[in-house]
Structures are given as C-alpha cells and as structure tokens.
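Welcome, and please open your viewer. We will go from one selection to the next, with a short note on what to find at each stop.

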Amino acid sequence: MADAPQIPDEAETRARWGAFAWTPDNAKEAQRHIDKYPAGRQASAVMPLLDLAQRQVGAETDTQGWLPIPVIEYVAAQLDMPKMRVIEVVSFYTMYNMAPVGKFHIQVCGTTPCMLRGSDDVLAACYAKGMKKGATTPDGLFTLTEVECLGACANAPMVQINDDNYEDLTEASMASILDDLAAGRQPVIGSQIGRRTSEQVGGPSTLKDMKKENHDYRGEWA
Amino acid sequence: MPNVTVDGIPIAVPDGATVLQACELAGKEIPRFCYHERLSIAGNCRMCLVEVKPGPPKPQASCALPATEGQEIRTDTPMVKHAREGVMEFLLINHPLDCPICDQGGECDLQDQSIAYGRGHSRYDANKRAVTEKYMGPIVKTVMTRCIQCTRCIRFAEEVAGVEDIGALYRGEDMQITTYLEHAIQSELAGNVVDLCPVGALTSKPYAFEARPWELKKTLAIDVMDGVGSNIRLDSRGRQVLRVLPRINEDVNEEWAHDKTRHHVDGLVRRRLDKPFVRQGGKLVAASWDEAFAAIAKVARSAKGSVAAIAGDQVDCETMFAAKSLVKALGSDMLEGRQTGLAYDVSNLGAVNFNSTIAGVEDADAILLIGSNLRWEAPLINTRVRKAIKRGARVFGIGPEVDLTYAVEWFGNDASLIAKLPKAATDAFKDAKRPMVIVGGGALKLDGVQGAAMGLIKTLKLVSEGWNGFNVVHTSASRMGGLMLGFAQTGGIADIVAAKPRLAFFLGADEVDYSGFEGSFKVYIGHHGDAGAHAADVVLPGASYAEKHGTWVNTEGRVQYSDKAVFAPGDAREDWSILRALADACGVDVGFDSFDGLRAAMITAVPALGREGLAGYDFSAPKLDAKAQMKLGGEIAYPIADFYLTNAICRASPTMQRCSSEILHGDEMLEAAE
C-alpha cells in the first residue's frame with residue numbers, strides 16, 4: 001500500500017468541503033439517477049452520484065476532482081445509506097479518487113498486454129516530465145497512476161487521460177501528448193499511429209475488398 | 001427433507017439446510033472461518049470445501065451450497081484434503097507468524113485448523129503484506145496484519161448490532177477492515193467481534209497480554225449487569241477474574257454478551273471493601289468484625305423491631321433470603337428491592353414479568369415500547385427485537401426518541417398516549433397475531449402508567465392461547481428474585497422512609513436516596529466503596545457475584561444458578577455468612593447454619609427458586625386503582641443515564657469509565673505515551 005492515496009487531513013477537508021451541495025444542474029441529474037430505481041432502492045444510484053460529485057469537485061477546483069469525506073457523507077445522506085457503505089464503494093473503484101488529483105489524471109495501464117507492448121516506455125516518458133506514481137506534479141497539472149487493465153489491449157500500450165484513451169503509444173508519442181496537454185493543446189484522441197479504433201495495423205490482410213464497399217464474396221466461394 | 005449421503009452415511013437434512021450443515025448433522029467436522037451460524041453466509045474464506053456429486057468436478061464451498069435430494073457429499077477424499085491444504089496455504093501467505101505474542105494464541109481457529117488441515121510447512125518465502133492498525137475504540141484492539149478478511153465482524157455489526165460502522169476498504173490484496181474514519185465502534189455489543197474473529201486481528205483491549213487461555217479456571221456464572229441474566233463464563237486465575245465470555249443459551253443471550261458484561265471485571269478488583277468499617281465521630285474507621293457486629297447489635301436490641309432491609313441491583317436470592325430471615329427474626333417485615341423509588345403493584349408477579357420470554361420476542365409481529373430505552377436497559381432483548389423486525393414486525397414507541405438501531409415509529413413523549421393510542425398503532429395491532437407491549441422502568445415510575453399498560457392487555461388483545469405479549473423489562477439482576485422473596489412494599493421505598501426504621505440494612509444498594517434515612521442506623525453490606533458505603537454507619541465487606549454461589553432470576557422469571565469463581569478480597573465474607581453471624585451477635589435465630597441449609601430454607605419458602613428455568617407465574621392482571629389512572633400523564637425519563645456506569649462494579653472499572661467518556665461523551669482519549 002505504499003502508493004495508497006494519502007487521504008488529506010479530515011479537519012481541513014471538513015473546513016473546505018463541509019458546505020458541499022449540488023449545483024442546480026447536478027441536483028437535477030442526481031435526482032434523475034435516483035429516479036431510475038424503485039423507491040427504497042435508491043442506494044443503487046450511489047455510483048453515478050459519486051461520479052457526479054467527483055466531477056463537481058473537479059469543476060470547482062479545475063482538476064479532475066476527488067471525493068472529500070464531507071462530499072461522501074453528503075451522498076450517503078442523500079441516499080440514506082450508512083457512511084461506511086459509501087466509503088467502501090469509493091475505496092473499491094480506482095475511478096473514484098480519495099485524494100486530490102491534478103488537471104490531467106494520467107492512468108497508465110501496466111497489465112500484461114500493455115507491459116509486453118512497452119508500457120514501461122510510456123511510464124519513462126511520464127517520469128521524464130517529473131511525474132511520480134501516486135503523486136501530483138508541483139504545478140498541479142499531472143497526476144500519474146498505474147492502473148490495471150483498461151480494456152484496450154488490442155491498442156496496447158495505452159493510457160487513459162481524464163475521460164479519453166490514448167493508444168498505440170511509444171515513449172516519443174507519449175512525450176508529445178504530455179507536451180500538448182501542458183501547452184493547453186488538445187492532442188489526438190485514440191490511436192497515435194493513425195489507425196481507426198482497433199483495426200489491424202497496416203490495413204486489412206483479409207477481406208481486403210470490404211475496404212471499398214460491402215463486397216459480396218459468395219460468388220468466389222470454391 | 002432432502003436425503004443426502006455424507007461420506008457414505010445416509011442422512012435426511014431439514015429443508016433449506018446447507019451442505020455444511022448436512023455434514024455437521026452427519027458428525028463430520030468442516031473447517032471454516034467466514035461461516036457463522038448466526039450471521040449471513042459470505043462464502044469468502046473457501047475453507048469449507050467438500051466434494052459434491054452431482055456437480056462440477058471440483059471442490060465446492062459447502063457453507064453456501066444448498067443440500068438437495070440425492071447429493072453425495074465427501075469430506076474425506078484426497079481432493080478435499082488437497083483443497084483444504086491449498087486454501088490454508090493461501091490464508092497463511094500473508095498471516096504473520098506471531099502466535100507467541102498474539103492474544104488469540106491457544107484459542108485461535110487459524111492455529112487449530114492449520115494444525116488439523118494444513119500442510120506441515122510453507123512454500124512461500126516472499127515478503128508478507130503488512131496492514132496498519134485500525135482504531136476501533138476502547139474495547140477492541142486491532143492487529144490488522146493478522147486479518148484474513150472473513151468479514152464476520154462486518155456482518156455482525158450490520159446484522160446483529162445494527163451499527164454499520166465496520167467495513168472493508170480497498171480491494172483484493174489491499175483490502176482492509178476498519179471502522180468509519182477509525183472512530184470507536186458506536187455499539188454496546190462491540191466486544192462480540194472479538195469472539196467472532198477467528199484469528200488474532202481483533203482482540204480484547206482491556207484483556208491484552210493478561211493471560212493464556214489454558215491457565216484460566218472457567219466458572220459458569222450468570223451476568224448481573226442487567227436484568228437479562230446472560231449466561232457467562234468467568235475466566236479466573238488465582239484470586240482475580242480476568243475476563244468474562246458469554247455461554248450459549250438460546251433462550252437468554254444466544255451467544256452474545258454486551259460490553260458491560262464483558263469488561264466490568266477490572267472493577268471487581270478496584271475500590272473493594274476488604275475490611276469492616278464503623279463510623280466514629282463522623283468518619284468511617286476500620287474495625288474488626290467483632291467491633292462492627294457489637295455496634296450493630298447495640299442498635300438492634302434497642303430498635304424493637306424497627307428494622308428494614310433494602311436490596312440493591314446485584315444481590316443474589318440467597319443474600320436476600322438471609323436478610324429477610326434476619327429482619328423477620330428482629331421482628332419486622334420492612335423489605336424493599338426497588339431502591340430508586342419505583343412503587344408499581346406487585347400483587348401479581350406475572351403482571352410485572354417479561355411474559356413472552358426473551359426468545360419469544362422474535363415471534364412478535366407488532367411491538368409497542370412504553371418508556372423503555374431497550375438498547376441500554378437490555379441490549380440482548382434489543383437484538384431480539386431487531387430479529388423480529390427482520391421477520392416483518394413493526395415497532396412503535398412512547399417516550400423520548402432514542403436510536404435503538406432499528407426503525408421505531410415514535411408517537412411522542414407523553415404517558416397519556418398509552419390510554420389513547422394513535423390510529424397507526426391500533427391498526428397495526430388489530431392485524432397482529434402476536435402483539436407485544438414492552439414496559440420499561442422509566443414508564444413504571446409515573447403514576448397510573450402501570451394501570452394504563454394493563455388496560456392494553458384487553459384493548460390490544462395481548463394475551464391469547466399460547467401467547468402472552470405483556471412484558472415488563474427490569475434493569476436489575478436481583479429484581480424478579482427480590483419480588484419473589486417479598487422485597488416490595490406497597491408504596492415502594494417511600495413506605496420505609498416514612499416508617500423511619502431505627503436500623504436499616506442496605507445490601508449493595510448504591511442507588512438509594514440516603515437523605516431519607518438520616519435518622520436510621522445504616523448498615524451497608526456490599527462489595528464496593530460506592531454511594532452506599534459513603535452513607536453508612538457500619539460497612540460490612542461482602543462478596544460480589546463472582547465470589548459466591550447464587551440464585552438469580554432474570555426479567556422473564558428464569559431461575560438460574562451461578563457458581564463461585566474466586567474468593568472475596570481481604571476480610572470480606574460471603575454475604576449470607578455475614579448475616580448469619582450478625583444474627584448470633586443480635587441473639588436471634590434465622591433458622592440455617594450453612595449455605596446448603598440456607599438454600600433449602602429458601603426453596604421451602606419459595607419453591608420456584610429450587611427449579612432451574614422459568615418460574616411460571618400465574619398471570620392475572622391486578623385491578624388497579626382507577627383514580628391512579630386519572631392522574632396519567634407527564635413525560636417519561638429513561639432510568640439509565642449512562643449505559644456504562646449503571647452500578648458500583650462498573651463505576652469502579654477503568655474500562656467502563658473509558659467507554660463512557662469516549663463512546664457516550666465523545667471525549668477524544670489520548671493514547672498513553674509509549
């Protein structure tokens with residue numbers, strides 16, 4: 001647990017976030033999530049509400065947001081859940097941040113396929129920019145986290161930065177993405193080698209005629 | 001009734017039984033960590049693997065697998081042995097080898113089962129995971145590196161204690177059991193998680209490093225901290241009781257005990273009265289037994305029958321009977337046990353009894369609490385109410401609103417509501433098959449409440465064939481025994497105060513308002529230097545419940561016997577022998593010379609005390625003065641102001657003091673500097 005989140009001091013957090021309340025838009029959105037479930041089952045809405053709360057905290061602090069204790073308790077109270085049960089959910093999922101993160105939350109996948117395809121190089125690019133695992137850079141821009149499989153193995157190695165995936169990375173392309181982000185430019189989202197989603201690198205090797213049109217192969221069957 | 005075979009033994013098991021239960025019925029031991037009879041099934045420790053046909057060709061977790069017709073269960077195959085060894089090896093990957101310094105050592109499920117079902121050695125030499133300690137309050141000590149994540153404590157807190165304070169943070173290998181923000185567990189049942197923990201992760205904080213289980217003498221006793229009469233085991237070494245553990249009694253405490261029961265024991269060796277004292281010139285001065293007896297005998301001779309005896313909350317029937325005999329021999333019948341001034345009618349004992357029985361609470365489908373903070377007055381009846389709610393019961397309350405760990409529909413704090421119940425309650429009770437009313441001491445203190453509550457017997461149809469839902473919950477362990485022995489005046493203790501007795505015996509009575517006895521010569525016979533000893537003219541050191549054999553009657557009228565675990569300290573004697581010697585000093589005859597003789601005389605006088613089990617009072621509601629009902633009204637105040645400090649033993653206990661200040665008063669306790 002060496003890189004476990006260093007949960008900020010409770011008293012300070014309460015002073016800063018004790019008065020947390022939904023913005024009018026988010027209040028409506030929260031109610032929409034709660035209304036999806038039958039009465040008495042409102043606890044089912046805990047995950048979307050926590051996500052919403054994290055985003056609201058992010059908007060207020062111009063970061064990717066996190067879940068301070070008073071905010072967790074606010075959600076618990078709204079859903080009439082024991083506080084312990086909500087904090088269990090928060091701590092279980094890596095998508096909820098228990099400590100503040102920067103403007104860009106860089107989640108590098110380090111699971112086997114990505115590791116074999118060079119996630120170490122991706123991490124090296126991050127380290128070169130002064131990032132450390134589980135920490136935010138002093139300028140508040142980047143937070144680096146190594147995560148388990150994010151489900152884009154065909155495009156390994158990949159990172160998730162905020163809500164977007166950046167795939168088929170190399171140390172150089174990762175460095176340029178980070179430079180772009182730091183400079184306020186929007187890098188290309190998705191594959192960095194120009195392929196669409198997870199289609200084959202270098203174009204198709206079978207069913208080539210399908211590229212131009214919906215080719216009918218049936219006549220060519222032997 | 002599915003028929004299964006376990007290791008070739010054909011057996012019929014009840015519907016809904018699991019494979020694990022089927023194996024137990026067949027006499028096969030199944031190792032387990034997460035499974036517990038009284039908690040929900042988690043199925044996460046995997047220790048209970050067995051082979052089951054038909055089914056997939058792999059070991060199955062028997063605790064979570066229902067037994068079905070024609071199953072062929074094997075617990076003795078190489079596959080099962082191998083599976084258990086494998087699970088045990090995984091459990092031990094991260095479990096530290098610190099048994100020599102672990103308080104669970106000697107009574108540890110993991111220790112026992114690794115010897116019985118594990119491999120002889122470990123194949124892992126990688127570093128073990130370490131987990132930081134968690135703070136869980138003054139009762140529970142944590143060494144979380146030892147935790148095997150069975151989640152019994154989480155399930156207990158949620159399901160039985162009703163306090164969702166404990167949970168598991170993070171996931172996978174990083175999973176950690178903790179309380180919310182590491183605050184103390186806000187439950188009076190927290191100590192039970194120590195018993196539930198199959199390893200040494202949660203151990204008893206006050207008992208830390210005190211003793212090993214094999215060096216303790218085990219004595220079967222009855223708890224005196226409240227009126228429930230929990231069955232307990234006193235573990236003692238030498239002259240000191242070191243800990244209290246609950247015994248299983250399905251009718252009384254199941255297998256739980258609350259924190260006061262478990263951790264008052266350090267009070268048994270503090271502030272003890274260990275020699276007689278006589279008041280001279282306004283000060284209590286240490287004296288010999290002869291001097292003390294002489295001082296009492298002088299007053300007794302001139303008292304001419306103006307003698308009274310007041311029993312406290314933790315007095316056994318034998319002591320009360322001995323005192324009764326002495327008072328009678330001195331020519332009086334002024335006896336009272338309700339020391340705080342309660343004066344309800346006791347012409348019918350059934351009408352002041354917990355008639356449905358404690359186990360019967362689970363069957364109730366509508367419950368009305370009248371002036372009872374059940375969570376503090378009888379925590380183990382409160383857990384039964386929780387069970388009744390799980391089965392669909394509705395609970396209503398009259399009195400100040402308190403958190404009873406379940407949903408109560410409160411009507412308000414006004415005793416007159418008893419006579420005119422809101423429609424919500426009358427409707428619920430109309431459909432109820434097993435309606436129940438629980439009247440607490442707080443309500444009985446008010447004039448007319450007893451009569452009004454009696455009225456509910458008819459209007460709510462509390463009594464029917466095979467069911468009596470009229471319950472009174474007493475907070476004192478000696479109450480029902482005292483009432484059976486006649487320790488009650490019509491007007492309560494006020495009658496005795498009005499009679500101005502020349503000589504008054506106080507048997508461990510520390511809650512009495514002593515200002516009413518200023519003219520009396522006060523003799524305190526008890527074990528702790530508390531309010532009673534401060535007010536007394538003569539103090540005679542007696543034995544606590546752990547230091548004498550005794551008969552106890554709990555709030556449902558259950559007669560139970562308790563054994564002597566240790567000897568009383570110093571010059572202190574067993575109470576009956578003090579009273580017997582006092583009779584000699586006063587020159588009167590009480591009719592017994594030995595403890596057995598006393599018990600025989602007591603059983604002759606009250607035969608019900610000679611049979612273990614429910615005393616079985618005849619139930620008939622006494623006709624109470626109609627005028628008393630006219631005065632009905634007013635606010636109810638609960639009798640217990642501080643759960644952890646209700647009697648002299650608790651008040652002498654540092655652990656209970658700490659629980660009180662930390663859990664109830666929220667003071668931050670600073671850890672002592674190392």
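This is a predicted model: local features need pLDDT of at least 70, side-chain atom pairs count only at pLDDT 80 or more; totals for chains, interfaces and linings use all residues.

Buried area here is the accessible area, taken with a 1.4 Å probe, that two parts lose on being put together, summed over both. The contact draws 18 residues from chain A and 17 residues from chain B.

Next, show the side chains of A:Arg85 and B:Glu164. These two form a salt bridge, with their closest N and O atoms 2.5 Å apart; the interface of chain A and chain B has two salt bridges by the rule. Seven residue pairs are in polar contact between the two chains, both partners at pLDDT 80 or more.

By class, the side of chain A that touches chain B has ten nonpolar, two polar and six charged residues.

For the last stop, stay within chain B and select domain 2 (124-209) and domain 4 (355-473 + 624-630). Their centres, taken over C-alpha atoms, lie 35 Å apart. Ten residues of domain 2 are in contact with seven of domain 4, and the area buried between these domains is about 600 Å². On the domain 2 side, B:Glu159, B:Glu188 and B:Leu189 supply 59% of the area that domain buries here. Finish by zooming in on B:Glu188, which forms a salt bridge with B:Arg375 at 2.8 Å between the closest N and O atoms.

Note on methods:
Residues are numbered from 1 along each chain as its sequence is written. Chains are lettered from A and ligands numbered from 1 in the order in which they are written. Side-chain values use heavy atoms; hydrogens and water are left out. Contact means heavy atoms within 4.5 Å. A salt bridge is a side-chain nitrogen of Lys or Arg within 4 Å of a carboxyl oxygen of Asp or Glu. A polar contact is a pair of N or O atoms within 3.5 Å; within protein, one must be able to donate a hydrogen and the other to accept it, and residues adjacent in sequence count only if both atoms are side-chain atoms. Ala, Val, Leu, Ile, Met, Phe, Trp, Tyr, Cys and Pro count as nonpolar, Asp, Glu, Lys and Arg as charged, and the others, Gly among them, as polar. Domain bounds come from an automatic or database domain assignment.
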